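Here is a protein chain to explore. Look at the sequence and the fold before reading on.

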Amino acid sequence: MNEFELIARYFTKPAKGAILGVGDDCALFSSKKTIAASTDMLVEGVHFFPGEDPFLLGKKSLSVNLSDMAAMGAEPRWALLALSLPAAEESWLEGYSKGFMMQAENYAVDLIGGDTTRGPLVICVQIMGKIDAGLALRRDAARIGDEIWVSGNLGDAALGLYHLQGEIRLDGADLESCLKALRDPVPRVELGLALSGISRCAIDISDGFCADLSHILERSEVSAIVDYSSLPVSKTMEKYVNEPVGEKAILSGGDDYELCFTASEEKYSEIIELGNQLGIRLSRVGRITEGSGLHVLDEKGREKGTGEKGYAHFR
């Protein structure tokens with residue numbers, strides 16, 4: 001199976017929202033709205049372990065890009081996929097393409113092009129979406145007095161990773177739920193779209209809560225106070241919340257793909273209602289303040305050391 005046969009068999013479907021999709025030198029699409037674009041790369045041995053389920057890997061490789069769309073309040077529409085493969089292994093390609101294409105269908109995303117080559121296993125997805133002019137959720141838009149919110153729960157994906165690395169031991173339902181959080185995250189696309197008019201500022205939590213909130217603070221030139229006890233956690237994480245491994249997972253573990261956003265205090269009731277409508281836990285965890293830096297406080301008002309600031313490829 002050569003490159004063109006591989007693409008035709010596994011990654012070619014009619015593009016519903018594009019003028020021209022897979023099969024030419026370029027894809028063609030148009031939009032009257034502002035275009036949002038992002039790209040993410042997943043490398044075997046860095047972002048995922050060798051031998052991971054290709055179906056789940058296919059889903060996740062699109063999900064992490066969908067999460068970027070959610071963080072901007074953009075509607076995802078088109079994706080490009082580049083694969084570096086050690087070999088054209090049909091069973092792997094079958095599983096991967098099913099996972100990717102299923103997630104694309106779930107969120108009405110057209111795969112409109114890409115590339116394949118022989119090499120180490122590397123997955124690179126570029127995603128594009130659309131948004132009304134002036135309504136993007138930007139990192140530089142937090143304002144003093146804004147409340148800080150987080151969707152879902154924090155730290156379960158990191159606990160799953162720590163288990164695989166031998167740092168902790170999970171079993172039963174705890175292990176199942178944490179590995180699902182790690183391998184099959186849910187991008188908060190609906191939430192991101194619904195935050196238009198409620199929030200001006202958001203980021204997805206991919207590298208760790210402290211690291212990603214700090215990006216907002218740096219870009220907006222503000223500070224923040226966060227109540228550690230208000231950070232949302234699952235029943236599994238409740239067992240570790242006051243242990244070093246739990247604090248590390250919650251504050252800097254990463255791979256949560258939840259949204260952290262800010263909004264004025266007048267939006268409190270509207271946000272609570274939105275969470276109820278979408279069936280998503282939305283937790284108020286802190287406030288934007290004047291100054292610089294992130295301050296996480298315990299129940300007695302003492303500042304907690306945030307330890308590692310989050311995942312970074314180059315230190």
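This report goes through the model's strands, helices, cores and cysteines.

## About the model

This is a predicted model, in which local features need pLDDT of at least 70, side-chain atom pairs count only at pLDDT 80 or more, and totals for chains, interfaces and linings use all residues. Residues are numbered from 1 along each chain as its sequence is written, and side-chain values use heavy atoms, with hydrogens and water left out.

## The six-strand sheet

Start with an open sheet of 6 strands, in the order β6-β8-β5-β9-β7-β10. Strands are DSSP runs of E, at least two residues long, and are numbered from the N terminus. Two strands pair if DSSP finds at least two bridges between them. The pairing in this sheet is mixed. Its edge strands are β6 (201–205) and β10 (293–297), and each of them pairs on one side only. From one strand to the next, the twist averages 25°. Such angles run from 0 to 180 degrees between N-to-C directions, with axes fitted as lines to C-alpha atoms, for helices over the stretch in contact.

Now look at β6. Buried means under 20% relative accessible area, exposed means over 50%, and partly exposed lies in between (1.4 Å probe, protein chains only). In β6, 5 of its 5 residues are buried. C201, I203 and I205 point one way, while A202 and D204 point the other way. β6 runs antiparallel to β8, joined by 5 bridges. In that pairing, A202 stands opposite F261. Helix α2 lies across β6 and β8 and runs at about 165° to β6.

Strand β5 (residues 147–151) is joined to β9 by 5 bridges, and these two strands are antiparallel. Here E147 has R287 of β9 as its bridge partner. T289 also belongs to β9 (residues 282–289). T289 counts as buried because its relative accessibility is 19%. Contact means heavy atoms within 4.5 Å. Beyond its neighbours within four places in sequence, T289 is in contact with I144, V222, S223, A224 and I225.

## Strand β2 and its partners

How many of the residues of β2 are buried? The count is 8 of the 11, so β2 is largely enclosed by the rest of the structure. β2 has antiparallel pairing with β4, over 9 bridges. There, A82 stands opposite C124. β2 also pairs with strand β3 (residues 110–118), in the parallel sense, over 8 bridges. L83 stands opposite T116 in that strand.

## Two helices

Helices are DSSP runs of H or I, at least four residues long. Helix α3 (residues 90–106) has 17 residues. From its first C-alpha to its last, α3 reaches 24 Å, close to the expected 24 Å. The expected span is 1.5 Å times one less than the number of residues. Its buried residues include W92, Y96, F100 and M101. After α3 comes A108, with a positive phi near 55°.

L57 lies in helix α2 (residues 54–72). L57 counts as buried because its relative accessibility is 6%. Leaving aside neighbours within four places in sequence, L57 is in contact with F48, W92, Y96 and I123. Y228 is 171 residues from L57 along the chain, and their C-alpha atoms are separated by 32 Å.

## Two nonpolar cores

A nonpolar core is a set of buried Ala, Val, Leu, Ile, Met, Phe, Trp, Tyr and Cys residues joined through side-chain atoms within 4.5 Å. The largest one here has 42 residues. L62, L81, F100, I123 and L195 have the most contacts inside it. Among the elements that each supply at least two residues are β1 (34–43), α2, β2 and α3. Not counting residues up to four places away in sequence, L62 touches A79, F100, Q103, A104, V125 and I127. A second, separate core has 38 residues, including A141, Y162, F209 and V285.

A disulfide is a covalent bond between the sulfur atoms of two cysteines. The cut-off used here is a pair of cysteine sulfur atoms within 2.5 Å. How many disulfides does the structure hold? It holds 0. For C178, the nearest cysteine sulfur is that of C210, 19 Å away. For C210, the nearest is that of C260, 10 Å away. C178 counts as buried because its relative accessibility is 0%. C210 counts as buried because its relative accessibility is 0%.
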